[in-house]
Amino acid sequence: MIQISQIAAANYHYKRYSMEYFLDSVARLGFHNIELWASGPHFHLDYFTYQDIKKLNKKVKERGLKTICLTPEQYVYPVSISHPDPEYRKRSVEFFCRHIEAASLLECDKVLVTTGIAYLDVDETEMWKWCRESLGEICKTAEKEGIYLPMEAFTSFTTQVFNRVEHISKMIKEVGSPYLKGLADTDVMETTGKNTIHDFIRELGNNLMHVHFVDGNPGGHLVPGEGKLAMVEVLKELNSIDYKGYLGLELLDRRYVMNPEKALKDSLTWFEKHLE
């Protein structure tokens, strides 16, 4: 059965507070694991040297915490491995490879990857091919560093070529790397409306490596219990397969920005109520 120790706090909604405040906060609440959002103001990698990353890892470990997934900001930034421009794709591949190397320094074994935004006026077969080729290159670095790549499908509003669990499964098979895995986001799947957690479990099997466990209306990425999604049923489905991965709290709604610790505390309260 899923345990409290499998819940990973994240810094998305702590962006109005320092990194040190975030680390102190999650340690104070009793978390053991963090999913680290790699973006400004906390951890924009362009501004960090290798020594800076090692110092950050020391701060994490001093508080009894472990970074279980590094999630580079790849939605609003100019990152897309399915972009028509080969130079754009090349730089996007380099972006992910740098974060894989950073994850290794953070003693973290997972880096989240996505395909980027897909143009509606570009051939879908070509975009799929570009994405596959890019992931193949990224996987070479992942294999070298021993870092797994949980891959997330975006919503239909972002991409028409990679918004279902079947797309994740197909890409894993085509790339053929043991380090390319799948990620399920409970709010994203409901927003898209094409899959359920049962579909992700059935389609991915042991390749389901990470879950973003968030509520929604759908949409919002809310604290469990604050939206309309069937979060208890999702928990039951994951328990039914003895899921051993982590549940990342990717809380994004602006309502949490001013008092981020309360949002995490409320999340813990929900889990304490529903975990047997």
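This report describes salt bridges in a predicted model.

The structure contains 19 salt bridges. Side chains of opposite charge can pair when their charged atoms come close.

| Salt bridge | N to O distance |
|---|---|
| R91 and E87 | 3.0 Å |
| D109 and K110 | 3.1 Å |
| R255 and E226 | 3.9 Å |

Helix α3, which spans residues 86-105, holds both R91 and E87. The two residues are four apart in the chain, about one turn of the helix. R91 has a relative accessible area of 56% and is exposed, whereas E87, at 37%, is partly exposed.

K110 is classed as buried because its relative accessible area of 5% falls under the 20% limit. D109 is partly exposed, with a relative accessible area of 35%.

**A pair between loops.** R255 and E226 form a salt bridge in which the closest N and O atoms are 3.9 Å apart. This pair links distant parts of the chain, its members being 29 residues apart. R255 lies in the loop between β7 (246-248) and α9 (260-274), while E226 belongs to the loop between β6 (208-212) and α8 (231-240). Both residues are partly exposed: R255 has a relative accessible area of 47%, and E226 one of 34%.

**A network.** Salt bridges also join R132, K170 and E174 in a network.

Definitions and conventions: Residues are numbered from 1 along each chain as its sequence is written. This is a predicted model: local features need pLDDT of at least 70, side-chain atom pairs count only at pLDDT 80 or more; totals for chains, interfaces and linings use all residues. Side-chain values use heavy atoms; hydrogens and water are left out. A salt bridge is a side-chain nitrogen of Lys or Arg within 4 Å of a carboxyl oxygen of Asp or Glu. Buried means under 20% relative accessible area, exposed over 50%, partly exposed in between (1.4 Å probe, protein chains only).
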